[in-house]
Amino acid sequence: MSAGIGLKPAHYRPALACRERGFWVEVHPENYMTPGGPRHGWLTAIRMAHPLSFHGVGLSLGGRDRPDLDHLRALKALIERYQPAMMSEHLAWCSHDGEHFADLLPLPYTRQTLQRFCEHVSEAQDFLQRPILIENPALYVSLRSEMSEAEFLCEAVQRTGCGLLVDINNVHVTANNTGSDPLAFLAALPADAVGQYHLAGHAPDANPTGLLIDTHGAPVDEAVWQLFSSALAIIGPRPVLIERDNDLPEFGVLMAERKRANALIAATHDASSAYGVAHG
């Protein structure tokens, strides 16, 4: 129940040297789908020192096409090699008719897409022989749907046995952009299925539209910290990742955010113990 950071090559050395209690790292497995090289050397050493999580970005589970078999084979080989504590993916699609797009794109929450998404999640989990945590997306417009995002995720959990990765920044960004209620969304999720949180930064749209953009290129916003505190109270403590992909700061900056996340988790534990509250 501690905080980790997204591991980037610029931070290999300090991550390997880190001796902070409960420290863990997460990587995109797609960056390691090669037979060898220096990245594998570093990741092997870091994995021997710290727990590791995989956060996939290429399965396109929300797409029309079935998960790519070659991608699944490469992912399974990495899982067998590194034995990550958690494996996660996205409620999104990124490929179509064999063409891959460098983005995670939303899907309408309809019964047809739910059925297809669940089939793809089940196929991936069966192939990988392990459950997957599914991350909620950041939305910029409301798509024509037949159910809410929370209802869609609840159904996916019930049908496939998958878990959930709750990206708190995405909850905040989506609420701002679509006018939805972030606290109602958190309360509607099955707490027992939530296995991890993400915290990241965002930025306002370059045009004066009022939109927030999920950039992963800024410190965690104060509003996201406040929403994280609410998530801890509603759902309970879980491992949390400080996610930063762009405008990468010094390692110590991420560790300071990690320290703040750990303090909030500890405070929730203390409050729960004092009042005898059990979280799912």
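**Exercise 1: The barrel**

Task: State which strands form the closed barrel and how they pair.

Solution. The closed barrel has 8 strands in the order β1-β2-β3-β4-β7-β8-β9-β12, with parallel pairing. From one strand to the next, the twist averages 30°. Strands here are DSSP runs of E with at least two residues, helices are runs of H or I with at least four residues, and both are numbered from the N terminus. Two strands pair if DSSP finds at least two bridges between them.

The model is predicted: local features need pLDDT of at least 70, side-chain atom pairs count only at pLDDT 80 or more, and totals for chains, interfaces and linings use all residues. Residues are numbered from 1 along each chain as its sequence is written, and side-chain values use heavy atoms, with hydrogens and water left out.

**Exercise 2: Two packed helices**

Task: Classify the packing of α4 against α5 by angle.

Solution. Step 1: α4 (residues 111-128) and α5 (residues 149-160) pack at about 45°, their axes 10 Å apart. Axes are lines fitted to C-alpha atoms, for helices over the stretch in contact, and angles run from 0 to 180 degrees between N-to-C directions. Step 2: α4 is therefore oblique to α5, since angles under 35 degrees count as roughly parallel, over 145 as roughly antiparallel, 65 to 115 as roughly perpendicular and the rest as oblique. Step 3: the contact includes Phe117 and Val121 of α4 and Phe152 and Ala156 of α5.

**Exercise 3: An aromatic pair**

Task: Describe the geometry of the pair formed by Tyr12 and Trp42.

Solution. Step 1: the whole structure holds 5 aromatic pairs; rings of Phe, Tyr and Trp (its six-membered ring) pair if their centres lie within 6.5 Å. Step 2: Tyr12 and Trp42 lie 5.7 Å centre to centre with 25° between the planes, and are stacked (under 30 degrees; over 60 is edge-to-face and the rest tilted). Step 3: Tyr12 belongs to α1 (residues 12-17) and Trp42 to α2 (residues 38-49), 30 residues apart.

Methods. Contact means heavy atoms within 4.5 Å.
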